[in-house]
Amino acid sequence: MIVKMTKQTTMAQVMLHLEQGDPLDDLGLKYPLHGKKNILCDVAGKVEKVGRGPNGWFVTVKKPNGNYRSYSEKKLVRF
C-alpha cells in the first residue's frame, strides 16, 4: 500500500502498490455505475487480485456483502 498519497499520485502508481487483502475504503476511489454511466459509485472492499490484461491494469475486489467486482484502472477516479 502507498504510505503517502498526494494529488500527483496516479492510478497506475496506486495499482502497482496494491496487494491482496488491502482495504480500498480509505483510498477515496470511485467508478462509473455499471462501468459506463455518468454516475460515480464508491469502491469498497478488500483487494483479491491485481493484474494487467490487454486493456491495462485491473483490480478484483471482494465487497463487504461477499460479491466480487473487477475494476479497470482506466475508469477509476480518485476524489
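User: What makes strand E4 (residues 56–62) and strand E5 (residues 68–72) a pair?

Analyst: The model is predicted. In it, E4 and E5 are joined antiparallel over five bridges. Pairing needs at least two bridges, so the two strands count as a pair. Val-61 is set opposite Arg-69 of E5.

User: Which residue takes a positive phi in the hairpin of E4 and E5?

Analyst: Gly-66, with phi near 100°. Five residues lie between the strands of this hairpin.

User: How do you know that strand E1 (residues 29–32) pairs with E6?

Analyst: Two bridges join them, and they run antiparallel. The criterion is at least two, so E1 and E6 pair. Leu-29 has Arg-78 of E6 as its bridge partner.

User: What is the strand order in the open sheet of three strands?

Analyst: The order is E2-E1-E6, with antiparallel pairing.

User: Why are E2 (40–42) and E6 (77–78) said to stand at the edges?

Analyst: Each has a single partner strand, so one side of each lacks a neighbour in the sheet.

User: What makes the 14 residues of the largest nonpolar core a core?

Analyst: Members must be buried nonpolar residues joined through side-chain atoms within 4.5 Å. Buried means under 20% relative accessible area. The largest such set has 14 residues. Those with the most contacts inside it include Leu-18, Leu-29, Val-43 and Tyr-71. Helix H1 (11–17), E1 and E4 each give two or more residues. H1 gives the largest share, three residues.

User: Which residues does Val-43 touch, not counting those up to four places away in sequence?

Analyst: Among them are Leu-24, Leu-29, Tyr-71 and Leu-76, and also Asp-25 and Lys-30.

Conventions: Residues are numbered from 1 along each chain as its sequence is written. This is a predicted model: local features need pLDDT of at least 70, side-chain atom pairs count only at pLDDT 80 or more; totals for chains, interfaces and linings use all residues. Side-chain values use heavy atoms; hydrogens and water are left out. Helices (H or I, at least four residues) and strands (E, at least two) are DSSP runs, numbered from the N terminus. Buried means under 20% relative accessible area, exposed over 50%, partly exposed in between (1.4 Å probe, protein chains only). Contact means heavy atoms within 4.5 Å.
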